[in-house]
Amino acid sequence: MTEIVITGTGLYSPDDVITNEELVASFNAYVSHYNERHSVAIEMGDMEPLQTSSADFIVKASGIKRRHVLDKAGILDITRMYPKLPERTDDELSIQAKMALTAAHEALADAGRKAEEVDGVIIACSNMQRAYPAMAVELQQALGAQGFAYDMNVACSSATFGIQAAVNAIRSGSAKCMLVVSPEICSAHLNFRDRDSHFIFGDACTAVVLENRSDAITSRPLMIMGERLITQFSNNIRNNFGFLNRCVESDVKGANADKLFMQQGRKVFKDVCPMVSNLVVDHLQQLDINAQQIRRLWLHQANLNMNQLIARRILGREPANDEAPVILDEYANTSSAGSIICFHLHRQDLLEGDIGVICSFGAGYSAGSIIVKQLA
């Protein structure tokens, strides 16, 4: 069977950063304004007052301390509380394609490849800024890549599902060098007026280059040992925003919370942790790999408590800090980009023969396991 390797990774993160303290100050100011505006109804018992938040609560609930975003000012403005991202003309590069271009160039440089050597591009992320034409085709043109390109969405698992699709394309002979890019603008679909979720997401874009091992020219490729995916329908994480919204009387700017990110956090935790840990454990057994052979887990960066529990279940013990690295504190949840950011930042110290797992999980439910081995 053709051996496929990862030869390069890239990362784009916006310059704007919002700390927990800044986010909480904005949120609490909004709460104070809301409660004052509805004080009569609250006093009469017709409305419930909103509760303030704190930076310590966010860290305890999630492990997040700050996040990179495309527009800080719009998010912290209590009269707006969502990013201000002006529309671009049809002749300008889209926001997602621009993010993708930066990450892609870094990944290609890491792989020692030129853009024209790429013959397959997949943009895999949670939300596309338009229905068509595909952002991947736009990126293909901007790069000067060859072959084909398409978009795909499996929410927070999009990157691992995209990697599996890229592996299949190379194995089938339909491509020789694939680029999987995940431009996540999570701040655009987050409800910054919701105490339980306003702190969760950040914005980022990752890129991964895959090719045949025999074609690789980079000095330290990672071989794909196996890919395994699973999906199971659930409404516990959902976003109802879409093109059919115009067919009903709905406020697509966010007054209707179901048009933004929604989740039943406790149910998600209870459902997803065993689903993901069982997926990885079964995948390792399928490949005859003992859990103690795992050098690193690059887990989806959604919640620190979830990651710690999943890592313990996979390894059968408490993981060391460098076995299950965390980037949540700096980047927050960046949806499908999260596990790849972790992989990008924490793979250079691997030794020849070290085995690791890139693992995603999220809405769907969906989960993906990509097991890799460091080559010389």
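**Note on a predicted single-chain model**

1. At 1.5 Å a residue, helix α7, residues 158–172, should span 21 Å over its 15 residues, and the C-alpha atoms at its ends are 21 Å apart, which agrees.

2. How many of the residues of α7 are buried? The number is 11 of 15, so α7 is largely enclosed by the rest of the structure.

3. From its first C-alpha to its last, α5 reaches 25 Å, close to the 24 Å expected for its 17 residues at 1.5 Å a residue. The buried residues of α5 are I95, Q96, A97, M99, A100, L101, A103, A104, A107, L108 and A111. Which elements do these buried residues pack against? They pack against the strands β1, β4, β6 (177–185) and β7 (203–212), and against helix α6. Just after α5 comes G112, with a positive phi of about 75°.

4. The chain as a whole has 11 helices and 13 strands. Its radius of gyration is 21 Å, close to the 21 Å that the globule rule gives for 376 residues, so the chain is as compact as a globular protein of that length. Along the principal axes, the C-alpha atoms fill a box of roughly 70 × 55 × 35 Å.

5. Of the 376 residues in the chain, 53% are buried. The accessible surface comes to about 16800 Å², and carbon and sulfur atoms account for 49% of that area. Taking contacts between residues at least 6 apart in sequence, 78% join residues at least 24 apart. On the charged side chains, the count is 34 positive and 44 negative, with the centres of the two sets 3 Å apart.

6. Y12 belongs to strand β1, which covers residues 4–12. Leaving aside residues up to four places away in sequence, Y12 touches L70, M99, T102, A103, A204 and C205. Y12 and A136 are 124 residues apart along the chain, and their C-alpha atoms are separated by 16 Å.

7. H68 is found in strand β3, residues 66–69. Is H68 buried or exposed? H68 is buried, with a relative accessible area of 8%. Not counting residues up to four places away in sequence, H68 touches S13, P14, D16, V17, G202, D203, E330 and Y331. From H68 to C273 the separation is 205 residues in sequence and 26 Å in space, C-alpha to C-alpha.

8. Some backbone features deserve a look, because most residues other than glycine have a negative phi and most peptide bonds are trans. Where is the residue M81? M81 is in the loop between α4 (72–76) and α5 (95–111). Although M81 is not a glycine, its phi is positive, at about 60°. M81 is buried, and its relative accessible area is 4%.

9. D288 also has a positive phi in a residue other than glycine, with a value near 60°. The loop that holds D288 runs between α8 (265–286) and β11 (294–299). D288 is exposed, with a relative accessible area of 70%.

10. Which residues does the cis peptide bond with omega of about -5° join? That bond joins Y132 and P133. P133 sits in the loop between β4 (120–124) and α6 (135–143).

11. A cis peptide bond also runs from G364 to Y365, with omega near -10°. Y365 lies in the loop between β12 (355–362) and β13 (366–374).

Key. Residues are numbered from 1 along each chain as its sequence is written. This is a predicted model: local features need pLDDT of at least 70, side-chain atom pairs count only at pLDDT 80 or more; totals for chains, interfaces and linings use all residues. Side-chain values use heavy atoms; hydrogens and water are left out. Helices (H or I, at least four residues) and strands (E, at least two) are DSSP runs, numbered from the N terminus. The radius of gyration is taken over C-alpha atoms; the globule rule is 2.2 Å times the number of residues to the power 0.38. Buried means under 20% relative accessible area, exposed over 50%, partly exposed in between (1.4 Å probe, protein chains only). Contact means heavy atoms within 4.5 Å. Accessible areas come from the Shrake-Rupley method with a 1.4 Å probe; for residues, only the protein chains shown count as cover. Lys and Arg count as positive and Asp and Glu as negative; His and the chain ends are not counted. The place of a charge is taken as NZ of Lys, CZ of Arg, CG of Asp or CD of Glu. The expected span of a helix is 1.5 Å times one less than its number of residues.
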